[in-house]
There are 2 protein chains.
Amino acid sequence: MTREHADLNEEPSRASKHFVDHDETPEDLEDLALGDDYALNPEYVRKVIDAADRGDAERLRELVGALRSEDVADLMGFLTADYREEVVPCLDSETLAEVISELDDNLREEVLETVHPTALAKALEELDSDDAADVVDDLEGEKRAQVLAAMDADDRAAVEASLSYEDETAGRLMQREVLAAPQFWTVGQTIDHVRNAGDDLPELFFDVYIVDPAYRPIGAAPVSTLLRAKRETSLAEIMEPVTEITVDMDQEEVGYTFNKYHLISAPVVDAGGRLVGQITVDDIVGVIQEEGEEDILALAGVSDAGRDAGVWDVARSRLPWLVVNTLTAATAASVIGAFQEEIAQLVTLAILMPVVASLGGNAGTQTLAVAVRALASRELNAANAVRIVLREMAVGLVNGGVLAVIMGVATFAVFQDWKLCLTIGLALIINLFVAALAGILVPLTLDKLDRDPAVSSSVFVTFTTDFMGFLSFLGLAGVLLL
Amino acid sequence: MTREHADLNEEPSRASKHFVDHDETPEDLEDLALGDDYALNPEYVRKVIDAADRGDAERLRELVGALRSEDVADLMGFLTADYREEVVPCLDSETLAEVISELDDNLREEVLETVHPTALAKALEELDSDDAADVVDDLEGEKRAQVLAAMDADDRAAVEASLSYEDETAGRLMQREVLAAPQFWTVGQTIDHVRNAGDDLPELFFDVYIVDPAYRPIGAAPVSTLLRAKRETSLAEIMEPVTEITVDMDQEEVGYTFNKYHLISAPVVDAGGRLVGQITVDDIVGVIQEEGEEDILALAGVSDAGRDAGVWDVARSRLPWLVVNTLTAATAASVIGAFQEEIAQLVTLAILMPVVASLGGNAGTQTLAVAVRALASRELNAANAVRIVLREMAVGLVNGGVLAVIMGVATFAVFQDWKLCLTIGLALIINLFVAALAGILVPLTLDKLDRDPAVSSSVFVTFTTDFMGFLSFLGLAGVLLL
């Protein structure tokens with residue numbers, strides 16, 4: 001595990017020699033597998049491919065066996081389907097379960113198809129109920145029924161309970177096993193309970209939840225506090241206020257709550273306020289990462305087709321927005337059509353008009369990105385919306401003014417026409433002002449309508465700035481120049 | 001704490017009456033303060049502003065007192081500087097410290113200016129060393145010296161040690177206090193040690209690190225495992241492999257490691273592999289959130305000026321990229337200049353050319369967003385780069401073909417000129433192919449050069465698609481049409 005001792009520099013030359021080193025210890029292999037940042041080394045992927053190409057099953061098993069399940073999942077993402085099929089048989093049932101639960105959706109579906117229902121059921125029993133449910137959710141009708149039927153009754157019940165909650169809610173994220181105790185218990189009683197309870201407790205837990213007789217959480221104590229307190233201390237003495245999550249809360253809100261209050265775990269309650277499970281922060285880290293990635297992709301108008309998707313799937317994931325954009329771009333271009341005579345008289349207009357549209361688009365995108373971020377982190381709401389909108393308008397005017405001067409001077413230098421300078425300067429000020437307005441009002445409006453402001457904001461904003469860019473520049477040119 | 005009992009619908013009508021309700025219990029206030037998603041209610045911010053406007057210090061203290069420190073920090077972000085100044089005196093030393101550590105950088109600087117060095121020193125002593133160091137780092141020369149001098153010697157040493165590491169590294173994120181034990185200790189011995197150690201232990205801990213005689217981590221055990229095991233069990237029996245973080249690791253890599261292996265805490269080691277501290281996941285959640293936000297802003301070419309920044313600061317944070325863009329847009333426009341004669345002969349070209357550029361820009365941005373996300377999550381590296389580049393090229397051709405058909409048909413419907421259709425169709429295929437290439441190669445190249453691919457990729461990509469959009473369409477028009 002001591003990564004700093006790995007001699008990674010040695011690796012490329014070894015790999016290029018393409019011969020088999022059977023004298024490596026498992027520790028050597030692990031050091032070769034991962035970089036200093038724990039990311040999988042490309043050279044290791046090549047080693048795996050080489051072993052598979054040579055049909056060297058023993059070496060393949062050794063290479064895969066040296067990896068943790070998270071790294072095997074990672075490796076799968078870098079392999080093509082044929083190689084993945086050779087890796088799966090190298091995994092024991094527990095590792096297979098963990099790998100499946102780590103895989104991206106489309107890879108997971110592919111791997112699931114190759115595993116026999118009974119083997120899969122056995123593998124799923126090794127997982128926490130929330131992770132197992134996640135996998136079962138990806139199974140098609142008949143296979144799902146077969147796998148559930150082959151599972152242990154308790155595990156099946158847990159999975160079915162989890163699946164009864166909607167996707168991306170707290171109910172799906174939570175695990176049902178929790179450590180709960182009444183407030184009159186002492187620390188000693190609680191520890192004894194933990195030692196005896198065995199399987200009813202979660203594999204890992206970080207807080208004991210103190211519940212009232214109706215099983216409603218009234219407080220919590222971190223396990224480290226439990227460890228530190230004297231055995232005779234009552235839980236009532238050490239308990240702290242608790243932040244409850246309701247079972248139907250959206251996962252993005254759960255992430256916000258965990259991040260805001262720096263939670264490690266939180267009790268999940270049903271509509272009646274009764275404790276039904278817990279969410280731990282390790283699941284939330286993934287959620288926060290995912291939500292951030294979704295926003296990046298949504299702003300660019302693209303959905304994630306998945307790591308190993310084919311050309312057609314990827315193309316299809318990008319087409320909808322491109323088609324919408326064809327429509328908006330054509331509409332904006334129709335503005336130009338209305339000014340054909342002006343352009344025919346002065347072709348220079350055709351040269352400068354895209355600059356006005358482009359700068360507006362960029363300024364609008366800047367405002368939009370800041371607004372989407374602020375909305376996601378709840379830093380922008382009704383309490384400061386007016387102030388922020390006014391500030392953006394002022395920023396639009398200021399930056400419009402600065403760009404007007406720069407482009408004005410440049411235009412004069414090239415075309416020696418002060419009226420043209422005035423036209424492009426005014427058009428830039430107007431378009432950057434419009435960009436600022438669109439960049440802040442579009443996401444605010446979508447948010448108000450309970451729509452995700454990251455999705456489809458861009459198309460509105462760039463349409464507005466294209467349209468207004470052409471209209472303001474060509475319109476002003478018509479008035480001032482011709 | 002039972003949020004679901006809050007009658008939030010009642011709130012707007014109450015607030016609009018603008019009279020003082022002194023019959024609310026602190027619980028009522030807390031329910032009024034927060035929405036179901038634990039975000040601060042805009043109405044509550046208005047209540048605070050009302051109280052401050054009326055000069056009702058008692059009510060203000062009551063409203064602020066009902067909030068947790070994270071919510072006070074949130075509140076501050078929604079207030080203007082004048083109101084913030086009135087809120088600060090309502091906070092006791094511990095809450096003040098927590099609020100300061102939660103505040104955004106520019107708000108923090110402002111609040112720090114108003115707090116006396118001695119009071120600040122006292123407040124900082126309440127924080128974990130990593131959080132305190134973070135605050136001290138924001139203090140200017142003389143005030144920093146005064147605050148450090150006023151701090152307790154141990155706390156000062158911890159802060160100075162933390163500051164000796166570079167910003168955004170593991171050394172800065174870690175806290176020095178850890179629970180470490182030799183492998184021959186029993187669970188009972190370890191628990192007794194925890195009960196007696198007191199202040200030398202972190203306030204919260206989730207793992208005990210098992211160290212060798214040179215204080216190098218050789219394993220770890222979760223606290224819940226410690227609780228569950230029998231007192232006579234030795235740590236060697238229950239310890240699991242441990243994922244070490246080196247003290248100079250970049251925080252983004254630390255976040256990747258925590259996310260990948262679902263870590264709750266991890267030991268930090270120095271260059272010699274010796275345990276020097278620990279990082280806990282609650283700090284990492286913030287890091288992951290931050291890194292995601294940074295990528296969104298970087299892709300849009302904007303830096304975060306801060307929540308309460310003035311018009312000038314915000315304008316300045318957006319200008320650099322706009323100015324660069326003026327340059328690139330003007331350069332792309334100069335291509336149009338080279339085709340003035342063609343445009344003068346057929347003004348229709350001026351109408352259609354921005355559509356080619358715009359669609360290319362959008363397709364390039366889509367590819368770029370996917371590539372940046374894949375690089376950030378280490379899903380794209382030398383092992384699959386060639387495959388992904390080839391796939392993007394194919395996607396560019398496919399989508400270029402689809403858009404060529406759509407725009408070709410639309411162009412024929414409007415202009416009844418099949419040569420014009422052919423021109424725009426071919427130009428779209430060329431530009432979407434170029435967009436795909438730029439969208440994947442630019443971030444890959446920046447990553448290879450150890451530059452952040454999210455920063456400045458956009459400007460390269462949109463320049464390329466603008467330039468090639470104009471060049472391919474007008475160039476083809478010159479050959480095919482005139």
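This briefing covers aromatic ring pairs and charges over rings. The model is predicted. Over all chains, a search of the whole structure finds 5 aromatic pairs. Two of them are described here, one between chains A and B and one within helix α24 of chain A. A pair of aromatic rings is described by the distance of the centres and the angle of the planes.

**The pair between chains**
- The ring centres of A:F206 and B:F206 are 6.2 Å apart.
- Their planes stand at 80°, so the pair is edge-to-face; the cut-off for that class is over 60 degrees.
- A:F206 lies in the loop between α14 (187-197) and β2 (207-211) of chain A.
- B:F206 lies in the loop between α14 (187-197) and β2 (207-211) of chain B.
- A:F206 is buried, at a relative accessible area of 6%.
- B:F206 also counts as buried, at 6% relative accessibility.

**The pair within a helix**
- The rings of A:F463 and A:F467 have centres 5.6 Å apart.
- Their planes are at 50°, so this pair is tilted.
- Both residues belong to helix α24 (residues 457-480) of chain A.
- They are 4 residues apart, about one turn of the helix.
- A:F463 is partly exposed, with a relative accessible area of 26%.
- A:F467 is partly exposed too, with a relative accessible area of 27%.

**Charges over rings**
- B:R68 places its charged end over the ring of A:Y261, 3.7 Å from the ring centre.
- Within chain B, the charged end of B:R378 sits over the ring of B:Y256.
- That charged end of B:R378 is 4.5 Å from the centre of the B:Y256 ring.

Technical notes: Residues are numbered from 1 along each chain as its sequence is written. Chains are lettered from A and ligands numbered from 1 in the order in which they are written. This is a predicted model: local features need pLDDT of at least 70, side-chain atom pairs count only at pLDDT 80 or more; totals for chains, interfaces and linings use all residues. Side-chain values use heavy atoms; hydrogens and water are left out. Rings of Phe, Tyr and Trp (its six-membered ring) pair if their centres lie within 6.5 Å; planes under 30 degrees apart count as stacked, over 60 as edge-to-face and the rest as tilted. Helices (H or I, at least four residues) and strands (E, at least two) are DSSP runs, numbered from the N terminus. Buried means under 20% relative accessible area, exposed over 50%, partly exposed in between (1.4 Å probe, protein chains only). A charge sits over a ring if NZ of Lys or CZ of Arg is within 6 Å of the ring centre and within 35 degrees of the ring normal.
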